[in-house]
Amino acid sequence: MATKATSRTATRKSAKAAPNGSQPWLHQRGKQVQEFGTVRQFPVGLSYDARMYSCQRLNQILADSQILYGLYKKHHWLMRGVTFYQLHLLLDKHAGEQLEIIDAVAERVQTLGGVAVGDPRHVAEITVVPRPPDGVEEVPAMLSRLLEAHETILVAAHDAANRAGELGDDGTNDLLVSEVIRTGELQAWFLAEHLVDTPLVRS
Ligand SMILES: [Fe+2]
């Protein structure tokens with residue numbers, strides 16, 4: 001009797017874990033199958049060195065762009081003053097555009113066989129964009145901070161685009177020039193014009 005009862009319990013337990021093969025196997029853990037900073041061999045007509053170099057540069061730009069996105073959302077939320085509504089909307093628009101760039105850059109890293117930086121704690125370790133105070137800065141200081149983050153990314157993107165082009169990685173060059181640089185420059189222009197101290201009614 002005792003044996004039968006034990007056997008029934010065991011059956012119920014295993015049925016609970018995977019009834020008819022339709023129960024997902026939950027709480028799984030495993031070893032890393034590719035380490036950060038490595039690239040797999042992909043047949044895309046680029047050398048290992050070119051793909052390794054591009055992934056490294058793209059991951060730095062990816063980390064800094066994720067921080068820029070976070071800064072845009074922070075300042076979108078914390079905005080204040082008579083131009084609150086305009087800036088609240090503008091910063092959110094820029095954040096959305098940065099999010100699209102982030103996805104494109106991350107997928108470029110994957111296309112080259114690399115590993116895109118994704119976890120925000122990993123991003124924080126890699127970024128060179130200074131951390132803002134947890135509280136609220138004055139509005140011009142918030143805008144200046146965004147401009148400086150843009151310039152950091154733009155300087156890196158110009159250099160990385162040139163070097164990637166020299167190594168034959170035209171796709172990375174194109175992504176950096178046509179998305180990271182062009183969008184970044186445009187966003188920087190829109191921000192910078194808000195820092196011009198100009199009379200609004202009488203000159
Ligand atoms: Fe919002």
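Trp189 is partly exposed, with a relative accessible area of 48%. On this scale, buried means under 20% relative accessible area, exposed means over 50%, and partly exposed lies in between, with a 1.4 Å probe and protein chains only. Phe190 also counts as partly exposed, at 35% relative accessibility. The structure holds one aromatic pair. The ring centres of Trp189 and Phe190 are 5.0 Å apart and the planes stand at 75°, so this pair is edge-to-face. Rings of Phe, Tyr and Trp (its six-membered ring) pair if their centres lie within 6.5 Å; planes under 30 degrees apart count as stacked, over 60 as edge-to-face and the rest as tilted.

A word on the model itself: it is predicted, local features need pLDDT of at least 70, side-chain atom pairs count only at pLDDT 80 or more, and totals for chains, interfaces and linings use all residues. Residues are numbered from 1 along each chain as its sequence is written, and side-chain values use heavy atoms, leaving out hydrogens and water.

**The core**

In soluble globular proteins, nonpolar side chains tend to be buried together. Here, the largest nonpolar core has 40 residues, and Ile61, Leu146, Leu176 and Val180 have the most contacts inside it. Such a core is a set of buried Ala, Val, Leu, Ile, Met, Phe, Trp, Tyr and Cys residues joined through side-chain atoms within 4.5 Å. Helices α2, α3, α5 and α6 (170-192) each supply at least two residues of this core, and α5 gives the largest share, eleven residues. Helices are DSSP runs (H or I, at least four residues), numbered from the N terminus.

Which residues does Val180 touch? Leaving aside residues up to four places away in sequence, Val180 touches Ile61, Ile101, Val105, Ile153, Leu154, Ala157 and Leu175. Contact means heavy atoms within 4.5 Å.

**Two pockets**

A pocket is found on a 1 Å grid over the protein atoms alone, as an open set of points where a 1.4 Å probe fits, with protein on both sides within 12 Å along at least five of seven lines; lining residues have an atom within 4 Å of a point. A volume is the space filled by probe spheres set on the points, which are joined across faces, edges and corners.

| Pocket | Volume |
|---|---|
| Largest pocket | about 340 Å³ |
| Second largest pocket | about 280 Å³ |

The largest pocket is lined by 14 residues, with Thr83, Glu193, His194, Leu195 and Val196 nearest its centre. Helix α5 gives the most to this lining of the largest pocket, with three residues. The second largest pocket has 13 lining residues, and Ile67, Leu71, Pro130, Arg131 and Pro132 are the closest to its centre. Its largest share of lining, five residues, comes from helix α2 (residues 48-78).

**Two loop residues**

Most residues other than glycine have a negative phi. His27 has a positive phi of about 55° although it is not a glycine. His27 sits in the loop between α1 (2-17) and α2. Is His27 buried or exposed? His27 is exposed, with a relative accessible area of 73%.

Val128 is found in the loop between α4 (120-126) and α5. Val128 counts as exposed at 53% relative accessibility. Not counting residues up to four places away in sequence, Val128 touches Gln60, Asp64 and Thr152.
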